[in-house]
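Please read the numbered points alongside the structure.

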Amino acid sequence: MKKHIEPRRFLLPFDSRALPYRFADVLVIGSGVAGLRAALAAARHADVLLVSKAELRESNTQYAQGGIAVVLAEADSFDAHIADTLTVGQGLCVPEVVATVVREGPARIRELIAAGARFDEEPGGLNMTREGGHSKARIIHAQGDATGAEVERALLFQVADCPRIQCLEHTFVVDLLTDSDECLGAILSSQVRGITLVCAKQTILATGGIGQVYRETTNPEIATGDGTAMAYRAGAAVQDMEFVQFHPTTLYIAGASRWLISETVRGEGGYLLNGHGERFMTRYHPDGELAPRDVVSRSILSEMRATGATHVCLDLRHLDSAHVRERFPTIARVCEQFELDIAEDLIPVRPSAHYMIGGVRIGLDARTSLPRLYACGECSCSGLHGANRLGSNSLLEGLVLGTRAGDNSGRAAAASSREPKPRHVHSDTLPAAEQDKLDLRDVSNALKSLMWRRVGIERSREFLGEAEQNIDFWCSYVMVKEFNFRGGWELQNMLTIAKLITVAAREREESRGVHFRSDFPEADDRRWRRHSAVQRSEG
């Protein structure tokens, strides 16, 4: 499937001859699990510049609760983990990628432990739990429900201790720098240094997800799809953008920020109750609360409609209260802010946008279709997840493919005899945005609401057509403006991502995995057991 969407090439005007340069062997953009692991792997071969648009520790990784799926138990096997991943992926996983990530996972975890990561233990070894879609208990976790924070801590400690890695925080990457159809580096903006160009032998995108495109999301404010949008503008192929995973259970308190309630809460025995206080999941799937996430999300939506409720509830009251509080200390602390005791009270929950399965297309070597550009983590699409991500496979992917991206790019940079040097690249000036006539927050809120209502858990041609028409209208006056600050560029990236998701969702006339079309409710293997792809064309 090919669909062409034509944003302008660069978001800001510039002339490379008039700007300061910085040089790097390997430029890594993003500081979550994939970016940090890539930087460490690349630094074994070359010098690395690691750039983060906020603090280094601020990423989706920092907020990941559930754990990492990995085959470490004697009762488990690679074949079982591979089979579970393929089953949940519903025909769109790339088997070679699945096998590689699963088989290389244990080594990456042992490296992480050797570097100081502390995962929860029990007599005899690591404590493991089970999540929906997994046939075995293979989810390792840290501090109960703070796995991502512990992984981030351990990787940041290694990065800080590595003399070959330099870090830039609070630096926004506006666009990738390209010439002659290859990546030369990137255009950076910071309040301290202004606009700077980075010339790099190799560049790695590890910019995370797109959750802020939706009104209801588990993602932090930084998750605006920057990496995928800039890669698309640069001419790299993006793939499977219709597949956005919604997490079934986020804490729902009207007026408060959404907070993820990890799937492991259900893995430990939590029940879902509807507005009438009834368990309902067994009516929708034989695995009940441990059904795949897309099934649970749609089931919750159906129950909310049927009962007229704004949410359903998680019930842990039948479980041992001391164990619940010890197992989920972070969730317990968050709920306490709203005078909820997770062991004694029902927890109001509803689905939210959680994980982007699609992204910049890569192979097992983490290379994109644009020479000298790699990608890894949530901004990439490796084929591991297919049409639906198996829970706790994402941190594993970040570790495995982040390592591969770093190792391959570092080796390529070290083997290159040519030093990165400036080339003349420029972009023409556009009309400056008149701030008194353009309310960015209003456009952003309208976009998020539209995407949630029309390009969310359930979709149809009518809904998607309405969404595309509105997005095109906003693009007609936002995308042609010139901004000089992060918020404006983020909105332009979000509009690009929203358009890519909406067009891909309209084109895929079937239901598969996280993509559900009410007007095409069945999977169509004859026409649609294949990936969607889109690539920007000049002219």
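1. The sulfur of Cys381 lies 10 Å from the closest cysteine sulfur, which belongs to Cys93, and this distance is too far for a bond. The cut-off for a disulfide is a pair of cysteine sulfur atoms within 2.5 Å. These remarks concern a predicted model.

2. The structure as a whole holds zero disulfides. Cys376 is accordingly in no disulfide, and the nearest cysteine sulfur, that of Cys379, is 6.5 Å away. Cys376 also counts as buried, because its relative accessibility is 1%.

3. A separate matter is strand E14, which spans residues 244–251. Is this strand largely enclosed by the rest of the structure, or largely open? Eight of its eight residues are buried, so strand E14 is largely enclosed by the rest of the structure.

4. The pairing of E14 involves strand E18, residues 347–356, in the antiparallel sense, over six bridges. Within this pairing, Thr250 stands opposite Arg350 of E18.

5. E14 is also joined to strand E15, residues 259–260, by two bridges, and these strands run antiparallel. Here Thr250 stands opposite Leu260 of E15.

Note on methods: Residues are numbered from 1 along each chain as its sequence is written. This is a predicted model: local features need pLDDT of at least 70, side-chain atom pairs count only at pLDDT 80 or more; totals for chains, interfaces and linings use all residues. Side-chain values use heavy atoms; hydrogens and water are left out. Buried means under 20% relative accessible area, exposed over 50%, partly exposed in between (1.4 Å probe, protein chains only). Helices (H or I, at least four residues) and strands (E, at least two) are DSSP runs, numbered from the N terminus. Two strands pair if DSSP finds at least two bridges between them.
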